[in-house]
Amino acid sequence: MGTAIEIRDLVVARGRRRVLHNLSCTIPRGRVTGLLGPSGSGKTTLLRAIVGVQVVQGGTVTVLGEPAGSAPLRRRIGYMTQAPSVYADLTVRENARYFAALHGLPAAEADRAIADVGLAEARDQLVGTLSGGQRNRASLACAIVGRPDLLVLDEPTVGLDPVLRADLWARFHAMAAAGTTLLVSSHVMDEAGRCDRLLLIREGRLIADDTPDAIRRATRHPDLENAFLELIKEGALA
Ligand SMILES: Nc1ncnc2c1ncn2[C@@H]1O[C@H](COP(=O)(O)OP(=O)(O)OP(=O)(O)O)[C@@H](O)[C@H]1O
């Protein structure tokens with residue numbers, strides 16, 4: 001299977017606060033790994049460090065065998081931020097075609113990405129007129145258009161109804177089956193069970209790094225939400 005991302009003793013401060021404390025983990029290739037944790041726990045900061053846009057104070061982040069942020073990685077990573085990163089005054093198709101062109105890819109690839117996120121019917125609509133969930137999917141289309149080896153998605157399913165969420169998760173797994181590594185953040189615990197592996201982060205520290213089943217077994221909670229509460233309680237007692 002192999003390793004896609006290797007993080008060793010990562011320390012990040014934002015403002016005057018230390019946000020990540022000596023965090024270490026490895027993320028396997030060709031799998032969907034979920035990054036879960038409460039609001040403010042450091043999920044976005046960790047994703048930023050992996051994508052290479054975060055100043056770090058210590059430790060190493062190696063992505064697809066290269067140091068995070070290095071030039072060869074630029075075309076190999078798709079990153080969807082929480083704020084939509086698409087142009088409001090362009091249509092969905094124009095946005096996706098623009099990102100396809102940046103990767104040197106033909107317009108057909110843009111149309112494929114739009115269809116992949118279920119936005120084909122809205123492809124000629126200006127992004128500024130889309131609903132929040134549709135705008136998220138337009139951002140996702142732009143992140144996947146280059147068929148990246150690593151897809152880093154910061155809360156991609158916010159604002160989506162259950163049917164669309166289930167549909168997107170099925171697409172994530174299809175991409176993983178085709179060899180893409182996905183790292184997906186969420187603070188919705190019912191999405192945790194959809195991941196192959198989970199990283200649970202709290203106050204900048206990793207409190208679990210395992211499969212959903214192993215976490216359920218170790219905590220004796222069939223429900224991941226309660227399993228996480230148990231891990232947090234154990235952490236507080238340790
Ligand atoms: N630009 C910044 N300057 C100072 N502090 C920041 C900055 N960005 C984030 N922080 C702080 O860093 C901590 C981690 O933030 P981060 O965005 O990584 O959390 P998160 O787990 O992604 O939260 P959420 O789920 O709410 O998006 C928070 O305490 C936040 O207030």
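Author: Two strands are said to pair if DSSP finds at least two bridges between them, and with that in hand we can look at this model, which is a predicted one.

Reader: How many bridges join strand S1 to strand S2?

Author: Strand S1 covers residues 3-14 and strand S2 covers residues 17-28, and the two run antiparallel. They form a hairpin with two residues between them, and Gly15 in that turn has a positive phi of about 65 degrees.

Reader: Which strands stand at the edges of the open sheet?

Author: The sheet is made of four strands in the order S2-S1-S4-S5, with antiparallel pairing. A strand at an edge has a single partner strand, so one side of it is left without a neighbour in the sheet, and this is the case for S2 and S5.

Reader: Which residue of S4 does Glu6 stand opposite?

Author: Strand S4, residues 58-63, pairs with S1 in the antiparallel sense over five bridges. Helix H1, residues 43-51, lies across S1, S2 and S4, and runs at about 120 degrees to S1. In S4, the residue that stands opposite Glu6 is Thr62.

Reader: How far apart are the end C-alpha atoms of helix H5?

Author: Helix H5 has 16 residues, 162-177, and at 1.5 Å a residue it should therefore span 22 Å. The expected span is 1.5 Å times one less than the number of residues.

Reader: Within what arc do the buried residues of H5 fall?

Author: The buried residues of H5 are Leu168, Phe172, Met175 and Ala176. Seen down the axis of H5, these buried residues line one face of the helix, because they fall within an arc of 100 degrees.

Reader: Which strands do the buried residues of H5 pack against?

Author: On the other side of H5 the exposed residues are Pro162, Val163, Ala170, Ala174 and Ala177. The buried residues, by contrast, pack against S3 (32-36), S7 (150-154) and S8 (181-186).

Technical notes. Residues are numbered from 1 along each chain as its sequence is written. This is a predicted model: local features need pLDDT of at least 70, side-chain atom pairs count only at pLDDT 80 or more; totals for chains, interfaces and linings use all residues. A residue is buried if 20 or more other C-beta atoms lie within 10 Å of its own, exposed if 12 or fewer, and partly exposed in between; C-beta atoms are placed from the backbone. The arc is that of the directions from the helix axis to the C-beta atoms. Two residues are in contact if their C-beta atoms, placed from the backbone, lie within 7 Å. Axes are lines fitted to C-alpha atoms, for helices over the stretch in contact, and angles run from 0 to 180 degrees between N-to-C directions.
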